[in-house]
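Take a look at the whole fold, and then we will walk through it together.

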Amino acid sequence: MDYKVKVRYLRIGRRKVARLLPFVKGEYVNHAISNLATMPQMSSVVLRKAIKSGIANAIFQSRNINPDTLWVKTAYVDKAPTLKRIRAASRGSADPILKRLSHITIILSDDKKPEKKKLKAKSAKTEEAPKAAEV
């Protein structure tokens with residue numbers, strides 16, 4: 001079963017959060033939380049709280065779930081409305097200040113986690129490069 005977590009109107013820009021999502025996607029929640037705990041970015045704190053909230057939601061919805069079996073199925077960040085402010089500039093003009101917001105969505109699953117595909121090794125019989133013609 002899937003459990004959805006949404007953090008809306010987060011006061012961090014979308015690109016700052018999106019940098020950390022590859023460290024979370026496809027990982028078990030305990031491993032994802034420990035990955036985020038070692039990162040210095042402020043968005044790692046928010047992602048960690050969101051994952052912990054998702055674990056709590058999953059336990060609340062189905063009491064017999066083991067939190068160790070949960071893994072992050074998908075995680076993405078969307079653009080939210082931007083707060084627009086003005087700063088005074090030279091010669092009586094105004095410069096815009098854009099305070100960006102974001103929405104984070106994380107989906108946790110307790111279904112069996114698919115294994116990662118392994119790359120095939122090159123076979124021993126590789127084609128030899130054509131020999132250069134002698135002059």
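The chain holds three helices and five strands, where helices (H or I, at least four residues) and strands (E, at least two) are DSSP runs numbered from the N terminus. Along the sequence they follow the pattern β-α-α-α-β-β-β-β. This is a predicted model, in which local features need pLDDT of at least 70 and side-chain atom pairs count only at pLDDT 80 or more, while totals for chains, interfaces and linings use all residues. Residues are numbered from 1 along each chain as its sequence is written, and side-chain values use heavy atoms, with hydrogens and water left out.

Now for the overall dimensions and surface.

| Property of the chain | Value |
|---|---|
| Radius of gyration (over C-alpha atoms) | 23 Å |
| Box of the C-alpha atoms along the principal axes | roughly 75 × 60 × 25 Å |
| Accessible surface (Shrake-Rupley, 1.4 Å probe) | about 10400 Å² |

For comparison, a compact globule of 135 residues would have a radius of gyration near 14 Å, by the rule of 2.2 Å times the number of residues to the power 0.38. Carbon and sulfur atoms own 54% of the accessible surface.

Let us zoom in on one pair of strands. Strand β3 (residues 83-88) and strand β4 (residues 94-99) run antiparallel and are joined by six bridges; strands count as paired if DSSP finds at least two bridges between them. I86 stands opposite P96 in β4. The two strands β3 and β4 form a hairpin with five residues between them, and R91 in the turn has a positive phi of about 60 degrees.
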